[in-house]
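Here is a walk through one protein chain, taken a region at a time. Keep the 3D view open and find each residue as it comes up.

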Amino acid sequence: MTSPAPQDLVVTQATLDDWPVIGGWAADEGWNPGLSDGPAFFAQDPEGFFIGRIDGEPVSAISVVTYGADYAFLGCYLVRPDLRGHGHGLTTWKTALAHAGTRTVGLDGVVAQQDNYRQSGFELAHRTVRFVGEAPAPEAAAGVRPARTADLAALTAYDSACYPADRPRFLAAWLTGAGHHAVVRHDGDRITGYGVLRPGRDTLRIGPLFADTADDARALFAALTAEAAGAPVAIDVPETNAAAVALAEAAGLTPSFETARMYTGPVRDHARERVFGVTTLELG
């Protein structure tokens with residue numbers, strides 16, 4: 001049997017209607033996507049998702065989501081297993097990457113693909129480790145409350161200090177997504193951290209977990225997991241943040257797999273020490 005050649009592949013922008021296919025492929029790879037990720041992902045950049053089809057059937061996907069004029073993030077790089085090894089992924093990659101223009105592009109690459117990403121100009125920034133396990137028994141979380149609509153402007157500013165780009169559209173959708181539980185730690189009127197818990201295909205997912213200090217992060221983690229005690233949870237932790245690794249280990253979570261945060265160029269300064277949990281491996 002002759003396999004379809006790359007020239008048979010038609011790559012177009014994907015729509016939110018295509019997300020169940022893309023999310024299903026991601027779930028099959030064990031990435032444990034959130035159950036309601038799609039609307040927030042497309043809210044940030046509705047033109048940043050691409051799907052490849054042969055004779056109308058989806059066979060590949062990728063996202064290159066833009067944030068302002070200087071930064072983009074690549075994710076959801078997938079090829080249907082029965083059609084791998086025929087160049088469809090590379091064709092999809094090249095088509096979609098043009099959407100980034102001259103922006104620095106980031107990604108979270110699985111181990112098997114990191115050498116390929118280096119050959120495409122991506123350089124290692126740090127490793128990220130996914131920690132998983134049962135949510136610990138509830139404990140007090142002083143100074144933490146649910147996020148409110150009135151917090152959006154302050155949370156957007158806080159998030160911008162912890163991330164390489166401003167992402168107000170994404171954040172507005174992420175904080176209010178179906179099943180998402182967002183909490184804020186505060187010192188009077190000043191926000192000292194925030195976090196989000198959302199349902200995933202296999203486990204509950206924590207992300208982001210941004211906090212000024214390890215104490216702030218522990219309080220937020222306790223508040224997020226308070227109603228999930230005994231349920232499986234997962235958090236993607238930058239290995240360079242020793243306090244974040246210690247927090248995950250103290251909660252009884254263990255490493256399940258790793259990725260590498262990689263960039264094609266410089267990114268703006270941001271408070272890396274506040275990142276106790278990455279928002280999402282698909283959009284950074």
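Two residues are in contact when heavy atoms of theirs lie within 4.5 Å. The model you are looking at is predicted. Now try that definition on T104. This residue sits in strand β5, which covers residues 104-110. Is T104 buried or exposed? Its relative accessible area is 11%. Buried means under 20%, so T104 counts as buried.

Next, find T92 in helix α3. Again leave out the neighbours within four places in sequence. T92 is in contact with L9, V11, S60, A61 and I62. The relative accessible area of T92 is 0%, so this residue is buried.

The structure holds 16 aromatic pairs. One of them joins W93 and Y117. A pair of aromatic rings is described by the distance of the centres and the angle of the planes. For W93 and Y117, the ring centres are 5.6 Å apart. Their planes meet at 10°. Why is this pair called stacked? Planes under 30 degrees apart count as stacked, and an angle of 10° meets that cut-off, so the W93 and Y117 pair is stacked.

Where do the two partners sit? W93 is in helix α3, residues 88-97. Y117 is in helix α4, residues 114-119. W93 has a relative accessible area of 6% and is buried. Y117, with 7%, is buried as well.

Some aromatic residues gather in a group. W19, F41, F42, F49, F170 and W174 form one aromatic cluster. Keep F41 and F170 in mind.

The crossing of α2 past α6 is right-handed. Which residues make the contact? From α2 come D37, A40, F41, A43 and Q44. From α6 come R169, F170, A173 and W174.

Look at the surroundings of α2. Six of its eight residues are buried, so this helix is largely enclosed by the rest of the structure. The buried ones are D37, G38, A40, F41, F42 and Q44. What do they pack against? They pack against α1 (19-28), β2 (49-54), β3 (57-67), α6 and β9 (190-199).

Helix α6 also holds P168. Its relative accessible area is 41%, so P168 is partly exposed. Compare the place of P168 with that of G38. They are 130 residues apart along the chain, and their C-alpha atoms are separated by 16 Å.

Two arginines lie over aromatic rings. R167 lies over the face of Y163, at 3.9 Å from the ring centre. R274 lies over the face of Y158, at 5.1 Å from the ring centre.

Finish with the backbone. Which two residues does a cis peptide bond join? They are G207 and P208, and omega there is about 0°. P208 lies in strand β10, residues 204-211.

N32 lies in the loop between α1 and α2. Its phi is near 55°, a positive value in a residue other than glycine. D55 lies in the loop between β2 and β3. Phi of D55 is also near 55°, and this too is a positive value in a residue other than glycine. Are these residues buried or exposed? N32 is buried, with a relative accessible area of 4%. D55 counts as exposed, at 77% relative accessibility.

Notes:
Residues numbered from 1 in each chain as written. Predicted model: local features only at pLDDT ≥ 70, side-chain atom pairs only at ≥ 80, totals over all residues. Heavy atoms only, no water. Phe/Tyr/Trp six-rings, centres within 6.5 Å; stacked < 30°, edge-to-face > 60°. Helix = DSSP H or I, 4+ residues; strand = E, 2+ residues; numbered from the N terminus. Buried < 20%, exposed > 50% of the residue type's maximum accessible area, 1.4 Å probe, protein only. Lys NZ or Arg CZ within 6 Å of the ring centre and 35° of its normal. Left-handed = near helix turned anticlockwise from the far one by under 90°.
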